[in-house]
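Try each one yourself before reading the solution.

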Amino acid sequence: MATYKCGNGGMISIQNLGTSLRVAGPDGWTEEFAASPANQSSRYQAATHDAIVIDGGEALVMKKGSRPLTCRR
């Protein structure tokens, strides 16, 4: 489990489940993201078409209808 501080002042928690991630946001949302494509470990997409990209200590969170959000460990 890793905690990231986001540019909007909020925080997210990311739990690595192997081939997927479980992400919990500041307003109580929780979402599962599967590796996309399945054989890699930095890009993930949820069934809602939300996406997250992990790059070192940064996570770029893209939720439908919102501006991308950069979060750092």
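**Exercise 1.** Does His-49 count as buried or exposed, and why?

*Solution.* Keep in mind that this is a predicted model. Start with the place: His-49 sits in the loop between strand 5 and strand 6 (51-55). Next, take its relative accessibility, which is 59%. The cut-off for exposed is over 50%, so His-49 counts as exposed. While you're there, check the backbone: phi of His-49 is near 75°, a positive value in a residue other than glycine.

**Exercise 2.** Find which residues the disulfide joins, and work out its handedness.

*Solution.* The structure holds 1 disulfide. Look at the sulfur atoms of Cys-6 and Cys-71: they are 2.1 Å apart, and the disulfide joins these two residues. Now turn to the torsion about the S-S bond of Cys-6 and Cys-71, which is about 100°, so the disulfide is right-handed. Then place the two ends: Cys-6 is in strand 1 (residues 2-6) and Cys-71 in strand 8 (residues 69-72), so the pair ties together parts 65 residues apart in sequence. Last, check burial, where the cut-off is under 20% relative accessible area. Cys-6 counts as buried at 6% relative accessibility, and Cys-71 is buried too, with a relative accessible area of 0%.

**Exercise 3.** Which peptide bond joins Ser-36 and Pro-37, cis or trans?

*Solution.* Read omega for the bond between Ser-36 and Pro-37: the value is about 5°, and the peptide bond is cis. To place it, note that Pro-37 belongs to the loop between strand 4 (30-35) and strand 5 (43-45).

How values were computed
Residues numbered from 1 in each chain as written. Predicted model: local features only at pLDDT ≥ 70, side-chain atom pairs only at ≥ 80, totals over all residues. Heavy atoms only, no water. Helix = DSSP H or I, 4+ residues; strand = E, 2+ residues; numbered from the N terminus. Buried < 20%, exposed > 50% of the residue type's maximum accessible area, 1.4 Å probe, protein only. Disulfide = S-S within 2.5 Å.
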